[in-house]
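Visitor: I would like to learn how to read ring contacts and helix packing in a model. Please show me the structure and take me through it.

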Amino acid sequence: MQSIYALHQTENHNLQKEEKFLLSSMDNMYLLYVALMSLWTELLKRGETLQQISKAKYLATDKDKQLNQKLISNKVLLYIVNNQPLVDLIDKQNPINWKLYSEYVDLLYNQIIQSEEYQYYMQNSQNSFEIDKNFLIDLYKKIIAVDEKLYDFLQEGAMTWLDDFPLVNTLIIKLLKGIKQDNPPLYFVPKLFKDVVDQEFAIDLLRKAVLNDEKYNKYLKGKTPQWEITRLAEIDVILIKMGITEFLKFPSIPVKVTINEYVEIAKEYSTPKSSIFINGILDKLSKEFSENGLLQKIGRGLL
């Protein structure tokens, strides 16, 4: 969507340039995952440092000593940071050297220690892998993923990171929920694409949407009697044309999936009423394409 929008804003349409940007943005999404996963190591190191400082205090209380010990002894945290494939990935590809931005790690660590979730975790006398896992899930969902300072900091990174942040957070939480003591070594090093088709999809969608732009304008004529196409929100038109592309050029994608995806994108990026508008237009077009024999979907239930 952003690539097509960028092409619409320039006089000299350079599709090849946008294809490179799109591929780069997908790689950068993976780098964001690496950067966020490396935070676990930095938080553990911060806890270990404070624990050593606490032990060195002459008048340190038992509470002072336990405050950091509970976190750095978390079985699941240690399981993550000691996963060798993840360690190798972070060493090789981590785009953020957290040592240069230690203030962000300190802020996050302090928030964790002061949080209600951590206080409850401290008071729980039971000790198990599952309890430690549930704590890390709460920690990530309620503190790290919603931290405004971290969010602002990521604005200084890759251009697309802020858009990718919610998606990567969802992936990390999913991985945390699925952690078991016998996960395969590469569990924390997921592939960016599940297969070649998945890898090529975004570029194919971009090309087919852009190269058929004028043709899709004809499909839109008469579908918005109150407005000329030029008066519609540009993002809405782009999303509708992307939906048309999936209808006509991607036979394996169910119609309902296409409509739902673009309705959700509209909620995030367009006007308050855009999702209802796009849902109506795409639904009407899908029925017309089906009646005219243009909608050729492969497999059961894809209509």
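Visitor: Which charged end sits over the ring of Tyr 121, and how far is it from the ring centre?

Guide: This is a predicted model. To count as sitting over a ring, NZ of Lys or CZ of Arg must lie within 6 Å of the ring centre and within 35 degrees of the ring normal. Here the charged end of Lys 70 is over Tyr 121, 4.7 Å from the ring centre. Lys 208 is placed over the ring of Phe 250, with its charged end 4.8 Å from the centre.

Visitor: How many aromatic pairs does a search of the whole structure find?

Guide: A pair of aromatic rings is described by the distance of the centres and the angle of the planes. The search gives 16 aromatic pairs. One of them is Tyr 118 with Phe 135, a tilted pair with 5.7 Å from centre to centre and 50 degrees between the planes. This pair links distant parts of the chain, 17 residues apart: Tyr 118 belongs to helix α7 and Phe 135 to helix α8.

Visitor: Is Tyr 118 buried or exposed?

Guide: Tyr 118 is buried, and Phe 135 is buried too. Elsewhere, Tyr 79, Phe 129, Tyr 187 and Phe 188 make up one aromatic cluster.

Visitor: At what angle do α8 and helix α10 pack?

Guide: Their angle is about 170 degrees, and the axes are 9 Å apart. An angle over 145 degrees counts as roughly antiparallel, so α8 and α10 are roughly antiparallel to each other. Residues of α8 including Leu 136, Ile 137 and Tyr 140 meet residues of α10, among them Phe 165, Ile 172 and Leu 176. The contact of α8 with α10 comprises eight nonpolar, one polar and three charged residues.

Conventions:
Residues are numbered from 1 along each chain as its sequence is written. This is a predicted model: local features need pLDDT of at least 70, side-chain atom pairs count only at pLDDT 80 or more; totals for chains, interfaces and linings use all residues. Side-chain values use heavy atoms; hydrogens and water are left out. Rings of Phe, Tyr and Trp (its six-membered ring) pair if their centres lie within 6.5 Å; planes under 30 degrees apart count as stacked, over 60 as edge-to-face and the rest as tilted. Helices (H or I, at least four residues) and strands (E, at least two) are DSSP runs, numbered from the N terminus. Buried means under 20% relative accessible area, exposed over 50%, partly exposed in between (1.4 Å probe, protein chains only). Axes are lines fitted to C-alpha atoms, for helices over the stretch in contact, and angles run from 0 to 180 degrees between N-to-C directions. Angles under 35 degrees count as roughly parallel, over 145 as roughly antiparallel, 65 to 115 as roughly perpendicular and the rest as oblique. Contact means heavy atoms within 4.5 Å. Ala, Val, Leu, Ile, Met, Phe, Trp, Tyr, Cys and Pro count as nonpolar, Asp, Glu, Lys and Arg as charged, and the others, Gly among them, as polar.
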